[in-house]
2 protein chains.
Amino acid sequence: MPSSPIRRLVEYAIRAEQKGVKVHYLNIGQPDVFSPKEFWEATGNAHLDVLEYGHSAGSAGLRSAYASHLTGRGIPVDAADVMVTVGGSEAVLITFLTALNPGDEVITVEPFYANYAGFAVAAGITLVPLTATIDIGFALPAPEEIEQKITDRTKAILLCNPSNPTGQVFAEAELRQIAEIAVARNLYLVVDEVYRDFFYGDDALLSVLQIAGLEQHAVMVDSASKKYSLCGARVGFLVSKNAEFMAAALKFGQARLSAATLEMIGVEACLRGTGPEYFAAVRAEYMARRDLVVRRLQAMPGVTVPPIQGAFYAVVRLPIEDSDQFCQWMVEEFRLETSEGPETVLMAPATGFYITPGLGKQEVRIAYVLDQNRLSRAMDALEAGLAAYQTR
Amino acid sequence: MPSSPIRRLVEYAIRAEQKGVKVHYLNIGQPDVFSPKEFWEATGNAHLDVLEYGHSAGSAGLRSAYASHLTGRGIPVDAADVMVTVGGSEAVLITFLTALNPGDEVITVEPFYANYAGFAVAAGITLVPLTATIDIGFALPAPEEIEQKITDRTKAILLCNPSNPTGQVFAEAELRQIAEIAVARNLYLVVDEVYRDFFYGDDALLSVLQIAGLEQHAVMVDSASKKYSLCGARVGFLVSKNAEFMAAALKFGQARLSAATLEMIGVEACLRGTGPEYFAAVRAEYMARRDLVVRRLQAMPGVTVPPIQGAFYAVVRLPIEDSDQFCQWMVEEFRLETSEGPETVLMAPATGFYITPGLGKQEVRIAYVLDQNRLSRAMDALEAGLAAYQTR
């Protein structure tokens with residue numbers, strides 16, 4: 001079981017803080033946006049006599065509220081197509097357990113969300129990476145490359161769209177090509193869309209659930225974590241119109257009983273009570289952050305910044321040899337002296353997002369989850385750190 | 001992946017209710033005791049700006065509150081020995097994933113908590129059953145029988161004490177014998193103690209954590225679900241003094257990020273705010289219920305009732321041939337006409353708690369989780385149903 005690369009360096013950061021250093025945390029996708037008041041009102045007023053188990057598929061109210069939410073965005077689904085999971089994480093794990101037998105393979109695009117590797121170990125299945133490179137903006141590999149990876153043991157293709165860690169959004173044409181492969185080769189096409197509300201294009205994001213003819217193959221993962229800045233609620237969604245798949249998934253759901261009852265009440269209230277203006281404000285804030293980060297990074301010598309169309313991450317290439325060492329050095333040794341005292345920045349080395357050894361050594365993932373003032377200071381620290389690292 | 005036998009018959013019960021039949025639910029361990037006010041106060045007042053991910057091992061406050069709780073009961077543990085899990089269920093699953101490789105074996109006593117089988121499928125491991133029989137009160141099989149089941153692939157022995165589904169509590173001498181085997185054969189001894197507060201003996205329950213010399217082998221599972229009538233909180237505990245085991249378990253914890261943040265706040269408040277009087281009252285209520293159920297069952301012709309020393313379950317043998325059919329017949333067809341209208345009772349067929357085919361066909365599990373008035377009416381319905389079934 002691999003250690004989480006995102007959390008590995010946190011100990012160094014804590015030690016730096018203990019010495020009075022201000023650390024800007026860009027290492028983890030924990031948004032700072034306030035959780036909706038609807039959540040606190042609903043949970044604060046719940047006061048049930050007994051906090052009972054929820055239904056293993058999720059409360060009827062939450063499933064129907066989420067189905068309405070998607071339907072209102074042009075993705076028509078029924079409550080029966082929705083299972084509430086313990087975060088998007090569990091939705092991915094249950095998908096692995098349901099769609100694959102131990103030893104089976106899932107094709108996924110690297111760099112990918114590091115915890116996919118953990119779920120693969122837990123489910124006893126193999127992740128087969130298709131490498132996307134920063135030089136072509138982390139675009140999807142060509143369909144022929146995907147075809148070449150398919151074996152008798154391949155049961156699914158897994159994408160994250162918008163992508164954690166790269167912020168890449170797959171073009172509709174690319175997604176439809178992959179859908180054709182999934183149908184032709186009878187594979188599940190699983191798309192982790194937990195960042196679907198963080199898409200910075202002009203049109204709506206194409207969901208895997210909207211691709212005609214893919215109904216029996218499409219599996220979508222979503223979550224309240226990023227959508228409502230409720231990472232701690234551990235409420236996610238597994239969505240598919242394949243009734244057999246959903247019935248099998250529910251058996252794994254029954255074994256773990258249910259998601260947390262009180263948090264389901266709170267998330268339902270958010271789905272029913274917040275409207276497009278909530279998401280518009282959050283999206284505008286993140287777009288401004290992205291623009292700030294991209295502008296600052298592009299101005300740093302030797303830094304490669306691919307296009308970032310969604311999520312709140314960027315994988316960028318730095319003029320360094322080893323991002324693990326550099327990220328550690330930044331929190332362990334480098335301090336930018338400012339009028340507010342010494343500062344530094346914690347980033348995630350990108351190596352942990354690749355499965356192919358040696359890839360990502362010059363890259364880091366930056367999560368732009370701080371307000372613009374702090375992001376700006378974090379970029380000051382990174383810029384100064386890069387300069388100091390090269391002349392050290 | 002097996003279906004949950006406990007939940008399978010619920011649909012019949014719902015249909016009966018739709019026809020105006022009062023169904024007494026004795027099929028699932030959802031206690032009716034009120035959740036502590038401390039939980040609602042703490043969660044209602046939380047109102048954080050952002051509901052962030054918790055630490056993967058659980059919040060520092062909850063881990064330390066739980067460690068103090070155990071220490072106060074003569075089971076000295078440190079917060080570092082404790083990992084907060086998504087219910088006791090996840091603690092068992094993570095133990096399987098941590099202690100075993102796919103294909104490895106866990107010896108457990110049947111009848112056992114049906115979801116263990118689901119976790120075994122999810123982890124790709126094999127449960128090897130040791131059969132306990134109702135005729136000897138579901139006492140543990142002799143040590144020689146356990147020894148005979150050990151193979152090169154055996155990595156752990158799993159017990160539930162007090163037992164779900166039988167209500168059996170293992171004698172200290174039995175537990176110590178098994179501990180000796182675990183040490184001698186280098187196996188983990190995993191004891192699911194989620195019903196530890198529901199022990200009806202005079203002395204304190206012996207925890208696996210209290211057995212001297214077993215520190216590197218003992219793994220204990222606990223939960224807030226039954227302890228505080230907080231099944232919906234999905235907060236459990238994995239406890240071991242084996243630091244290597246806990247470090248490996250935490251990696252699986254990191255992949256799923258954390259338990260629900262708000263619910264951890266509520267459970268911490270319960271641990272800090274409730275005292276022995278809380279548990280004494282709950283225990284007294286359950287003892288009265290047990291006495292009622294046992295007295296009523298013993299008075300029914302042909303019913304075998306083993307000693308019940310803990311938890312809130314009983315597995316009893318009925319004068320029937322097939323408990324699946326009987327339990328279904330009870331909710332589908334049988335109605336006891338009372339002054340308050342037609343009534344019936346939903347029980348769990350015991351077959352789902354055995355892994356050996358054919359066992360438990362004459363047995364049902366009864367969860368005495370209703371107040372004494374309703375339990376009494378449930379026993380009326382069962383008594384009448386048994387009589388009607390035999391003359392049908």
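Me: Okay, what percentage of the 392 residues of chain A count as buried?

Reply: Before the number, keep in mind that this is a predicted model. In chain A, 55% of the 392 residues count as buried.

Me: How does the radius of gyration of chain A fit with a compact globule?

Reply: A compact globule of 392 residues would have a radius of gyration near 21 Å, and chain A has 21 Å, so the two agree. If you picture a box around the C-alpha atoms of chain A, taken along the principal axes, it is roughly 60 × 55 × 40 Å. Inside chain A you'll find 14 helices and 13 strands. Look at contacts between residues at least 6 apart in sequence, too: 75% of them join residues at least 24 apart.

Me: Which domains does the assignment give for chain A?

Reply: The domain assignment gives domain 1, made of 5–34 + 278–390, and domain 2, which covers 37–273. Their C-alpha centres lie 27 Å apart. Where they touch, 34 residues of domain 1 of chain A are in contact with 28 residues of domain 2 of chain A. On the domain 1 side, α1 (5–8), α12 (276–298), β9 (313–317) and β13 (363–367) of chain A each supply at least two residues. The largest share of that side, 5 residues, comes from α12(A).

Me: Now the inside. Which residues have the most contacts inside the largest nonpolar core?

Reply: Here's the general idea: in soluble globular proteins, nonpolar side chains tend to be buried together. In this model the largest nonpolar core has 274 residues, and those with the most contacts inside it are A:Phe96, A:Leu189, B:Phe96 and B:Leu189. Take A:Leu189: leaving aside its neighbours within four places in sequence, its contacts include A:Ile157, A:Val208, A:Leu214 and A:Ala218.

Me: Where does A:Leu189 sit relative to strand β7(A)?

Reply: A:Leu189 stands opposite A:Ala218 in β7(A). In general, strands of a sheet pair through backbone hydrogen bonds, either parallel or antiparallel. Both cases turn up around β7(A). Strand β6 (residues 188–192) of chain A runs parallel to β7(A), with 4 bridges joining them. Strand β8 (residues 236–239) of chain A runs antiparallel to β7(A), again with 4 bridges, and there A:Val221 stands opposite A:Leu238.

Me: Why is strand β7 of chain A described as largely enclosed?

Reply: Because 6 of the 6 residues of β7 (residues 218–223) of chain A are buried, the strand is largely enclosed by the rest of the structure. A:Ala218, A:Met220 and A:Asp222 point one way from β7(A), while A:Val219, A:Val221 and A:Ser223 point the other way, and all are buried.

Me: What is the order of the strands in the open sheet of chain B?

Reply: The 7 strands of this open sheet in chain B come in the order β2-β8-β7-β6-β5-β3-β4, with mixed pairing. At the edges are β2 (82–85) and β4 (126–131) of chain B, each pairing on one side only. From one strand to the next, the twist averages 25 degrees.

Me: What lies across β2 of chain B, and how does β2(B) pair?

Reply: β2(B) is joined by 4 bridges to β8 (residues 236–239) of chain B, and the two run antiparallel. Within that pairing, B:Thr85 has B:Gly236 as its bridge partner. Helix α4 (residues 60–71) of chain B lies across β2 and β8 of chain B, at about 115 degrees to β2(B). Helix α10 (residues 243–255) of chain B lies across β2, β7 (218–223) and β8 of chain B, at about 25 degrees to β2(B).

Notes
Residues numbered from 1 in each chain as written. Chains lettered and ligands numbered in written order. Predicted model: local features only at pLDDT ≥ 70, side-chain atom pairs only at ≥ 80, totals over all residues. Core = buried A, V, L, I, M, F, W, Y, C linked by C-beta atoms within 7 Å. Buried ≥ 20, exposed ≤ 12 C-beta atoms within 10 Å, placed from the backbone. Contact = placed C-beta atoms within 7 Å. Pairing = 2+ DSSP bridges. Axes fitted to C-alpha atoms, helices over the stretch in contact; angles between N-to-C directions. Rg over C-alpha atoms; globule rule 2.2 N^0.38 Å. Domains from an automatic or database assignment.
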